[in-house]
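Here is a short note for a colleague who has not seen this structure before. Please read the points with the model open.

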Amino acid sequence: LNPGVVTQVSIRIKPGDEEGTLRTVREKWERMFPEDQFEYGFLDDRIERLYESERTMRNISVIFSSLSVLISCLGLLGLVSFTAEEKTKEIGIRKTLGASTGNILVRLSGEFIKWIILANVLAWPLAWYLMSKWLENFAFRTDISWPIFVVVGLLSVSFGVITFIFHAVKAASANPVDNMRYE
């Protein structure tokens, strides 16, 4: 081997006697390249370091995604609470005119569902684009499938409807006379 050309050598070693193998390789290296320092590293450690930034990015993404979901849920809860309070008189009038609680819930929850669906439809292309760009950095990657977006959309609609139902049932099950006196 030409010492001026060789800068590194890859050697596959059997597990078990790593220390003895490294000692033998060091002796041969020092005999062949006496002026070059012997430095070694394991391939699995190098690969691990390559993915360290991805793990950090994953952890940061999980934290900020969780915070954004929490903030949006709190915002939705506040909006639903505010709207239910605003619609208290309307709910009381509808109850007085004979509307059932289910009828009131269906009529009023449609307003929330359309806004939640619109928000999802606007967010899906942006999320797909950003995830696709991020996945381009990997040699082995997967495609983003549309069912994940549908599942997330159904979860957000479900959360919104459940939150709205909780507040609307509370207002609809109250005495209609009290609801109309409220405002």
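**Notes on the model**

1. In α1, the buried residues are Gly20, Leu22 and Trp29. Buried means under 20% relative accessible area, exposed over 50%, and partly exposed in between, with a 1.4 Å probe and protein chains only. Helix α1 covers residues 18-32, and its end C-alpha atoms lie 21 Å apart, which agrees with the 21 Å that its 15 residues should span at 1.5 Å a residue. The expected span of a helix is 1.5 Å times one less than its number of residues.

2. This is a predicted model, in which local features need pLDDT of at least 70 and side-chain atom pairs count only at pLDDT 80 or more, while totals for chains, interfaces and linings use all residues. Residues are numbered from 1 along each chain as its sequence is written, and side-chain values use heavy atoms, with hydrogens and water left out.

3. The chain has seven helices and zero strands. Read from the N terminus, its elements run α-α-α-α-α-α-α. The radius of gyration is 31 Å, well over the 16 Å that the globule rule gives for 183 residues, so the chain is more spread out than a compact globule. That radius is taken over C-alpha atoms, and the rule is 2.2 Å times the number of residues to the power 0.38. Helices (H or I, at least four residues) and strands (E, at least two) are DSSP runs, numbered from the N terminus.

4. Along the principal axes, the C-alpha atoms fill a box of roughly 100 × 30 × 25 Å. Of the 183 residues, 21% count as buried. The accessible surface of the chain is about 14200 Å², and carbon and sulfur atoms hold 63% of that surface. Accessible areas come from the Shrake-Rupley method with a 1.4 Å probe; for residues, only the protein chains shown count as cover.

5. Among contacts in the chain with a separation of 6 or more, 68% are between residues 24 or more positions apart. A contact means heavy atoms within 4.5 Å.

6. Helix α6 (residues 147-172) has 26 residues and reaches 36 Å from its first C-alpha to its last, close to the 38 Å expected at 1.5 Å a residue. Its buried residues include Phe149, Gly153, Val157, Phe164 and His167.

7. Lys14 and Glu35 are 21 residues apart along the chain, and their C-alpha atoms are separated by 28 Å.

8. Ser65 sits in helix α3 (residues 52-86). With a relative accessible area of 41%, Ser65 is partly exposed. Between Ser65 and Ser156 there are 14 Å in space, C-alpha to C-alpha, and the two are 91 residues apart in sequence.

9. Leu97 belongs to the loop between α4 (88-96) and α5 (101-135). The relative accessible area of Leu97 is 73%, so Leu97 is exposed. In sequence, Leu97 and Val169 are 72 residues apart; in space they are 17 Å apart, C-alpha to C-alpha.

10. Trp115 lies in helix α5. Trp115 counts as exposed because its relative accessibility is 54%. The C-alpha atoms of Trp115 and Gly92 are separated by 24 Å, and these residues are 23 apart along the chain.
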